[in-house]
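Dear colleague,

I am handing over the structure below, and after it I set out what I found on going through it. Please read the notes with the coordinates open beside them.

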Amino acid sequence: MSRYSRITGTGSHLPPRRLSNADMVAMLAQRDIETSDEWIVERTGIRARHFAAEGVSASDLALPAARAALEAAGRKPEDVDLIIVATSTPDMVFPSCATILQAKLGIVGCPAFDMQAVCSGFVYALTVADSMIRTGSVRCALVIGAEVFSRILDFNDRTTCVLFGDGSGAVVLEASDEPGILATDLHADGRHVGILCTPGTVSGGQVLGDPLLKMDGQAVFKLAVNVLDSAARATLSKAGRTEADVDWLIPHQANIRIMQSTARKLKLPAEKLVATVHEHGNTSAASIPLALDVAVRDGRVRRGDTVMLEGVGGGFTWGAVLLDY
Ligand code: ACO
């Protein structure tokens with residue numbers, strides 16, 4: 001049995017339709033709703049986001065990311081013995097996005113399931129895959145975040161619709177005698193369900209309740225800053241490391257102000273923060289693997305670097321994964 005799991009390849013994908021803040025201003029103006037590039041950039045750091053074309057599902061976005069991660073790892077689909085897709089915008093009520101992706105990859109037989117922890121979904125999924133690898137039941141896992149949040153946005157609500165985008169990111173996680181994932185730390189507090197949710201459901205052939213995203217932005221902001229700091233410190237303490245050991249901080253890409261405040265609390269210089277929120281918006285469960293793949297491919301994150309991944313999202317859920325890349 002291997003003691004550790006290790007990321008051996010990363011991949012990501014963005015749908016081609018890119019909307020700048022100016023495009024959002026024009027889109028909302030058609031509904032007599034005012035917003036501005038200045039407001040969006042100043043409050044969030046976001047300058048653009050990508051929206052999937054009609055009919056394109058989360059599994060469609062997951063597929064190229066998964067293929068790119070497999071190629072980077074030098075693995076073939078038949079090597080995969082676990083698939084976890086973190087998503088809150090799956091293709092169907094059931095079956096899971098993971099099984100649909102499994103079929104698209106031509107894989108038969110390995111376990112495949114979705115992880116629903118909203119924007120913390122990827123760190124939750126990575127933690128579960130790490131545990132399954134370390135118990136010896138799995139050797140090669142595909143762990144993916146894939147979202148089409150544009151489908152659940154309320155374009156009459158300027159306080160939320162400018163924040164989110166679509167995309168996917170994937171990693172191949174394999175059994176290894178060398179670290180690897182060093183420590184993980186997951187939490188949830190269901191008392192805060194109402195501050196960030198898409199409350200609608202399907203019943204009797206109809207949608208019951210509002211199927212569009214609702215958020216109390218300020219409540220989310222305050223909670224996020226505190227819990228991200230405690231989760232990061234918990235992983236460092238479990239791994240016997242300190243802030244000074246962290247080469248790269250890759251938090252959930254929701255808002256540049258939350259990300260910078262997290263980096264400051266950890267006393268990390270701004271250069272160690274990987275930020276893609278300006279170009280991707282908030283892609284929920286996809287944001288961390290997307291940012292990781294960007295930083296791997298542009299040469300920032302190198303083999304042996306210590307990386308802190310941090311997720312926070314609806315539920316309320318949060319968590320961190322500390323790893324040597
Ligand atoms: N354009 C222009 N003005 C706007 C817009 C907009 N798009 N949206 C809101 N405003 C206005 C408001 O109406 C308000 O106007 P008023 O003062 O006249 O009433 C003013 O801007 C300030 O609004 P606030 O909500 O107080 O703005 P705030 O500074 O809190 O920023 C934001 C809002 C960006 C949402 C912030 O609270 C935030 O980032 N929160 C965290 C969000 C987050 O991280 N979400 C993702 C979590 S992960 C997940 O699971 C999905």
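I begin with a residue in a linker: G180 lies in the loop between β7 (166–176) and β8 (181–188), where helices (H or I, at least four residues) and strands (E, at least two) are DSSP runs numbered from the N terminus. A cis peptide bond joins P179 and G180, with omega at about -5°. This is a predicted model, in which local features need pLDDT of at least 70 and side-chain atom pairs count only at pLDDT 80 or more, while totals for chains, interfaces and linings use all residues. Residues are numbered from 1 along each chain as its sequence is written, and side-chain values use heavy atoms, with hydrogens and water left out.

Another cis peptide bond runs from F94 to P95, with omega near 0°, and P95 is placed in the loop between β4 (82–86) and α4 (97–105). As background, most residues other than glycine have a negative phi, and most peptide bonds are trans. Against that background, D32 has a positive phi, near 60°, and sits in the loop between α1 (21–29) and α2, while S284, which is not a glycine either, has a positive phi of about 50° and belongs to the loop between α9 (277–280) and α10 (287–297). D32 is exposed, with a relative accessible area of 76%, whereas S284 is buried at 1%; buried means under 20% relative accessible area, exposed over 50%, and partly exposed in between (1.4 Å probe, protein chains only).

The protein is divided into domain 1 (4–176) and domain 2 (181–324), with bounds that come from an automatic or database domain assignment. The centres of the two domains, taken over C-alpha atoms, are separated by 14 Å, and 54 residues of domain 1 are in contact (heavy atoms within 4.5 Å) with 46 residues of domain 2.

V123, in helix α5 (residues 121–134), has a relative accessible area of 0%; V123 and G319 are 196 residues apart in sequence but 6.4 Å apart in space, C-alpha to C-alpha. Leaving aside neighbours within four places in sequence, the contacts of V123 include L186, I288, L309 and V321. T317, in strand β15 (residues 317–324), counts as buried at 8% relative accessibility, and its side chain makes a polar contact with the side chain of S120 at 2.8 Å. A polar contact is a pair of N or O atoms within 3.5 Å; within protein, one must be able to donate a hydrogen and the other to accept it, and residues adjacent in sequence count only if both atoms are side-chain atoms.

Finally, the ligand is surrounded by 26 residues, of which T35, R43, C119, Q218 and N255 are the closest; a residue is near a molecule or strand if one of its heavy atoms lies within 4 Å of it. Both domain 1 and domain 2 give residues to this shell, so the ligand lies between them. Helix α7 (217–239) gives the most to the shell, with four residues. Oxygen atoms of the ligand are 2.6 Å from an N or O atom in the side chain of R43 and 2.5 Å from a polar side-chain atom of Q218, and a ligand nitrogen atom is 2.9 Å from a polar backbone atom of G217. The protein covers 75% of the 1,000 Å² of accessible area that the ligand has on its own, with areas from the Shrake-Rupley method and a 1.4 Å probe; for residues, only the protein chains shown count as cover.

With best regards
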